[in-house]
Amino acid sequence: MSDRLDSLPLRPELVGEVPYGAPQLDVEVQLNTNENPYPPSPRVRRQMADAAEKVARNIDRYPDREATELRQELANYLGFQLMKDNIWVANGSNEIMVQLLGAFGGPGRTVLTFSPTYSMYPEYARNTHTNFVAVPRREDFGLDSEDVLKAARENNADVLIITTPNNPTGTITPVKTIEEICEGFDGMVIVDEAYLEFAAEPLDSAITLLPKYPRLVVVRTMSKAFALAGGRLGYLAASSAVVDACRIIRLPYHLSSMSQAIALVALKNADEMLNKVGELRETIQRTQQWLKSKGLRVVPSQSNFCLFGRFEDRHDAWQKLVDRGVLIREVGPDGYLRVNAGTPEEMSKFQEALSEVLDEVKVLKG
C-alpha cells in the first residue's frame with residue numbers, strides 16, 4: 001500500500017499543493033500568528049470550565065445548530081442595532097469565508113481581492129471551485145475605490161474581498177472608500193475586519209453600511225482581540241438573507257456545544273477579555289517607531305502586527321531570529337518580515353535578537 005500523496009487521484013488543482021500553516025516551532029518567543037498573548041484570567045477560566053462541565057452533561061446530544069444564544073450575544077457586543085438574524089457563526093472566520101464563497105462563488109464565478117493580503121484567500125477560492133484573482137494594491141498598500149471598481153469590471157468579479165486592517169500590512173481601508181465600492185459594484189462585497197478592534201478607531205466599521213447595502217458582509221473573529229484563538233469562533237454581520245444563504249451551505253451541527261459555551265463566557269466578560277487590546281495597540285505603534293530607528297522600512301499598521309524590512313535575504317534574517325529563540329512570520333512582499341505585539345518581555349527579547357541580527361544581514365535602502 002502506497003503512502004504517497006501523488007499516488008491518489010487528487011483533483012488536478014490540488015496536485016503539488018501543500019497544507020497551509022504558519023510555522024509552529026518550539027521557541028521561547030512566538031510572535032508569528034498575531035495572537036493576543038494574554039490568556040483569560042483565572043476567574044474567567046473557571047467560568048469557562050464550569051460552562052464546559054455543564055455542556056458535558058449533555059454531550060451525547062447535538063448542539064444548537066442555529067447557535068441562537070451566541071448569535072444574540074454577538075449582536076449585543078457589536079451594537080449598531082444588529083439582531084441575531086444579522087449574525088452568523090462558524091468554526092473560525094476561515095469557515096465563514098468558505099461558506100460565503102460556497103454560497104456566492106463557485107464554478108464560473110470570480111472572487112477578486114487585492115495583494116498583498118491574507119494568504120488563505122486563494123485556498124478558500126480553490127476549495128469552492130471559485131476563480132481567484134488578486135490585483136496589486138497601491139504602492140502604499142492602500143486602496144482607491146476607482147481602482148477597485150475598475151479591477152472588478154476588468155475581471156468580471158462576482159465577489160470582492162477587502163481586508164481592513166489588511167493582513168500582512170496592517171493598512172486601513174476607510175469606510176467611505178468601502179461605501180463608494182458598494183455603490184458602484186453589484187456583486188457581493190466581503191469586508192474582513194478580523195483585526196479591527198486593534199485599530200485606532202475600532203468603531204469605524206463597515207457594519208455601519210449594512211442597512212444601506214444588502215450585498216455587503218462584514219467578517220469578524222474572536223481569535224485575535226478576544227484571545228480566543230483556541231476557541232475557533234468566527235462570525236459575520238450582514239442582512240438576514242446572507243445569513244440564510246450561509247445556513248443553506250453550512251454542514252449540520254458545524255459548531256460544537258463547547259465552542260458555543262466558551263464563546264458565550266468570553267462575551268459575557270468582554271470588557272476583561274479585551275482589556276489588553278489598547279496596550280497591544282500601543283505596543284505595535286512603539287515597535288514601529290523602534291524599527292524605524294534601526295533604519296528599517298516599516299509599513300504603517302493599525303493592527304497588532306507590523307511589516308518591516310527590506311532584507312536582501314529575508315529568510316536568512318528570519319532564521320537568525322529563530323536561532324535566537326524568536327519566531328516571527330516570513331510573509332508579504334519580498335524582503336519583508338512581520339511581527340505581532342507580544343508581552344513586554346517578549347518584545348524586549350525580540351528587539352535584543354533583531355539588534356544582533358541586523359549586524360549580520362544586509363538591509364536594502366530606499
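Guide: Before we start, a polar contact here is a pair of N or O atoms within 3.5 Å, and within protein one must be able to donate a hydrogen and the other to accept it. Keep in mind, too, that this is a predicted model.

Visitor: Then which side chain makes a polar contact with the side chain of S223?
Guide: S223 is found in the loop between β7 and β8, and it is buried because its relative accessible area is 6%, under the 20% cut-off. Setting aside residues up to four places away in sequence, S223 touches L228, A229, R232 and L233. Of these, the side-chain partner in a polar contact, at 3.2 Å, is R232.

Visitor: Which residue does UniProt annotate as N6-(pyridoxal phosphate)lysine?
Guide: The annotation comes from an unreviewed UniProt entry, where it is listed as a modified residue. The lysine in question lies in the loop between β7 (216-221) and β8 (234-237). The annotated residue is K224.

Visitor: Is K224 buried or exposed?
Guide: Its relative accessibility is 16%. Buried means under 20%, so K224 counts as buried.

Visitor: What residue's side chain does the K224 side chain join in a polar contact?
Guide: Leaving aside neighbours within four places in sequence, K224 is in contact with T33, N34, N36, A194, Y195 and F198. The polar contact between side chains spans 3.5 Å, and the partner is Y195.

Visitor: N340 is buried, but what is its relative accessible area?
Guide: N340 has its place in strand β12. Not counting residues up to four places away in sequence, N340 touches L31, N32, T33, N34, E35, I284, N304, F305 and M347. N340 is buried, with a relative accessible area of 2%.

Visitor: How far is the backbone nitrogen of T33 from a polar atom of the N340 side chain?
Guide: The N340 side chain has a polar atom 3.1 Å from the backbone nitrogen of N32. For the backbone nitrogen of T33, the distance to a polar atom of that side chain is 3.3 Å.

Visitor: How are the rings of Y121 and Y124 arranged?
Guide: A search of the whole structure turns up 9 aromatic pairs. The ring centres of Y121 and Y124 are 6.0 Å apart with planes at 55°, so this pair is tilted. Y121 and Y124 are both buried, and they are separated by about one helical turn because they are 3 residues apart in helix α4 (residues 121-127). So the arrangement is tilted.

Visitor: Over which ring does the charged end of K276 sit?
Guide: There are two charge-and-ring cases to look at. R338 lies over the face of F305, 5.5 Å from the ring centre. The charged end of K276 sits 4.7 Å from the centre of its ring, which belongs to Y38.

Visitor: Which residue caps the N-terminal end of α11?
Guide: Helix α11 (residues 314-323) has R314, A317, W318, K320, L321 and V322 as its buried residues. Their cover includes β11 (326-327), β12 (337-340) and α12 (344-358). At the N-terminal end, a side-chain oxygen lies 3.3 Å from the backbone nitrogen of H315, and the capping residue is D313.

Visitor: A67 has a positive phi; near what value?
Guide: Most residues other than glycine have a negative phi. A67 lies in the loop between α1 (42-56) and α2 (68-78) and, at 2% relative accessibility, counts as buried. N156 also has a positive phi, near 50°, but counts as exposed at 61%. For A67, phi is near 45°.

Definitions and conventions:
Residues are numbered from 1 along each chain as its sequence is written. This is a predicted model: local features need pLDDT of at least 70, side-chain atom pairs count only at pLDDT 80 or more; totals for chains, interfaces and linings use all residues. Side-chain values use heavy atoms; hydrogens and water are left out. UniProt positions are given in the numbering used here, feature names are shortened, and annotations may be inferred rather than shown by experiment. Helices (H or I, at least four residues) and strands (E, at least two) are DSSP runs, numbered from the N terminus. Buried means under 20% relative accessible area, exposed over 50%, partly exposed in between (1.4 Å probe, protein chains only). Contact means heavy atoms within 4.5 Å. Rings of Phe, Tyr and Trp (its six-membered ring) pair if their centres lie within 6.5 Å; planes under 30 degrees apart count as stacked, over 60 as edge-to-face and the rest as tilted. A charge sits over a ring if NZ of Lys or CZ of Arg is within 6 Å of the ring centre and within 35 degrees of the ring normal.
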